[in-house]
Every structure is written in C-alpha cells, then in structure tokens.
Amino acid sequence: DIKNRLHEITVPTLMVGAKHDTMDPKAMEAQSKAVKKGRYLFCPNGSHLAMWDDQQVFMKGVIGFIKDVDSGTQF
C-alpha cells in the first residue's frame, strides 16, 4: 500500500472509477485528489472494463483529459 506516496506523482494522472468495479469509486476519487495533478473520471455504467462497457463516457473523459494536458489548461 503506497497511498501515502501518491503526492509524489507530479505528472498529470487520470484515475478511472466505475460503478460496477471491484474497487470503490469513492476510493478512486480520493486517490485522484492525492496526486498533485490528478483527475477523476467516473463511469456510471462501467465495470473493471469501463473502456468496453461504458465506452462513450470513458473515451470522452480520456480524450478530454489528453486535450487538457496538451493545452495546459487544467494542469
């Protein structure tokens, strides 16, 4: 368990949580806030494979994250 070291991550980081995943989405959200340049994406219809079972939300979130990182607007 290295949660106490998440603040050491300095690159933009996207953490994805999903309603039907084995990991609690609230825990993923909290961890995303511990990273200096973290962002959280919630997939309400997703599982551990949200890129497949909540594809539109997942891809929109990933693409938006990449665009924000490239433009420097969010980080």
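I started at leucine 41, which sits in strand 2. This is a predicted model, so I checked the confidence before going further.

**Confidence.** The chain has an average pLDDT of 94, and 97% of the residues reach at least 70.

**Leucine 41, continued.** Is leucine 41 buried or exposed? I get a relative accessibility of 11%, and since buried means under 20%, leucine 41 counts as buried. Then I listed its contacts, skipping neighbours within four places in sequence: Leu14, Met15, Val16, Gly17, Val57, Phe58, Gly61 and Val62. I also took one C-alpha to C-alpha distance, from leucine 41 to glutamate 29, and found 7.9 Å for two residues that are twelve apart in sequence.

**The core.** Which residues make up the largest nonpolar core? I count six: Ala18, Leu41, Cys43, Ala50, Phe58 and Val62. Strand 2 and helix 3 (55-71) each put at least two residues into this core. Not counting residues up to four places away in sequence, alanine 18 touches Met23, Pro25, Phe42, Cys43, Gly46, Ser47 and Ala50.

**Salt bridges.** How many salt bridges does the structure hold? I find four, and I wrote up some of them.

- Lysine 3 pairs with aspartate 1 at 3.8 Å, N to O. Aspartate 1 has 80% relative accessibility and counts as exposed.
- Lysine 33 pairs with glutamate 29, with 3.9 Å between the closest N and O atoms. Both residues are in helix 1, four residues apart, or about one turn of the helix. I note that lysine 33 is exposed at 63% relative accessible area, while glutamate 29 is partly exposed at 25%.
- Aspartate 68 and arginine 39 meet at 2.8 Å, N to O. Aspartate 68 belongs to helix 3 and arginine 39 to strand 2, so this pair ties together parts that are 29 residues apart in sequence.

**Surface patch.** Last, I went to the outside. Leu49, Met51 and Trp52 form a nonpolar patch on the surface, and together they have about 340 Å² of accessible area. I checked methionine 51 on its own: it lies in helix 2 (residues 50-53). Methionine 51 has a relative accessible area of 32%, so I put it down as partly exposed.

How values were computed. Residues are numbered from 1 along each chain as its sequence is written. This is a predicted model: local features need pLDDT of at least 70, side-chain atom pairs count only at pLDDT 80 or more; totals for chains, interfaces and linings use all residues. Side-chain values use heavy atoms; hydrogens and water are left out. Patches are made of residues with over 30% relative accessible area and no salt bridge: like charges are joined within 9 Å, nonpolar side chains (Val, Leu, Ile, Met, Phe, Trp, Tyr) within 5 Å. Accessible areas come from the Shrake-Rupley method with a 1.4 Å probe; for residues, only the protein chains shown count as cover. A salt bridge is a side-chain nitrogen of Lys or Arg within 4 Å of a carboxyl oxygen of Asp or Glu. Buried means under 20% relative accessible area, exposed over 50%, partly exposed in between (1.4 Å probe, protein chains only). pLDDT is the predictor's confidence in each residue, from 0 to 100. A nonpolar core is a set of buried Ala, Val, Leu, Ile, Met, Phe, Trp, Tyr and Cys residues joined through side-chain atoms within 4.5 Å. Contact means heavy atoms within 4.5 Å.
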